[in-house]
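User: I'm new to reading protein models and would like a close look at one part of this one. Could you pick a single helix and walk me through its surroundings?

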Amino acid sequence: MTEPSRRPTEAMLRIAALKRFLYDPSTGVFTYKVRTRASSEGAIAGSRAVGGYLEVSLLSKAIHLHRLAWLIHYGHLPEKGMHIDHIDGNRTNNAIANLRVVTPAENGQNRPYVNSNSTSGVPGVHWYKAYGKWSAEIMVSRKKHHLGYFSSIGEAAAARAAAKAKFHIAGAVC
């Protein structure tokens with residue numbers, strides 16, 4: 001006989017969250033409703049987790065606050081395979097107006113940073129040594145599209161920005 005799952009359901013998480021926290025959807029801030037062993041009533045809830053997201057422990061499970069905000073506000077989490085995106089790229093801004101459900105590909109479009117080995121500091125733009133020019137590219141539906149070679153970084157960045165406006169979701173920051 002198999003042992004029942006110990007993973008809390010969405011309903012269990014929502015009930016526990018509503019008992020323990022107050023959530024302000026306009027600011028995205030969670031505060032404790034009740035005193036706990038580690039926190040006092042009214043204290044701001046959440047600590048930084050790996051990746052920069054805020055999280056709390058609820059029913060012996062670590063949960064990111066943007067997911068908890070979504071669950072409290074809408075009563076359910078997004079379907080399997082979908083992500084909750086921070087529109088402004090700030091992983092600590094859990095205001096409900098700053099959260100949206102996106103596909104993993106759309107979520108990747110909203111990275112607020114460039115790779116650490118970037119030669120330009122601009123997403124999708126790099127120095128192409130063989131031609132001695134700046135190269136611009138963009139990913140669309142898991143395919144890389146080359147936008148051209150440019151004499152200046154500004155031209156390459158402008159081409160990348162125009163392609164982003166055309167192909168990526170509105171509101172993405174990079």
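Analyst: Let's take helix 2, residues 65–74, in this predicted model. Seven of its ten residues are buried, so helix 2 is largely enclosed by the rest of the structure. Here, buried means under 20% relative accessible area. Which residues of helix 2 are buried? They are Leu 65, His 66, Leu 68, Ala 69, Trp 70, Leu 71 and Ile 72. As you look along them, keep a general rule in mind: an α-helix has 3.6 residues a turn, so residues three or four places apart point the same way. Just after the helix comes Gly 75, with a positive phi of about 85°.

Now for a pocket that brings us back to this part of the chain. The second largest pocket has a volume of about 270 Å³. It is lined by 15 residues, and the closest to its centre are Arg 7, Leu 13, Lys 61, Arg 67 and Leu 77. Strand 5 gives the most, with four residues. What classes of residue make up the lining of this pocket? There are six nonpolar, three polar and six charged residues.

Technical notes. Residues numbered from 1 in each chain as written. Predicted model: local features only at pLDDT ≥ 70, side-chain atom pairs only at ≥ 80, totals over all residues. Heavy atoms only, no water. Buried < 20%, exposed > 50% of the residue type's maximum accessible area, 1.4 Å probe, protein only. Helix = DSSP H or I, 4+ residues; strand = E, 2+ residues; numbered from the N terminus. 1 Å grid on protein atoms, 1.4 Å probe; cavity = no way out; pocket = protein on both sides within 12 Å on 5 of 7 lines; lining within 4 Å. Points joined across faces, edges and corners; volume = space filled by probe spheres on them. Nonpolar A, V, L, I, M, F, W, Y, C, P; charged D, E, K, R; others polar.
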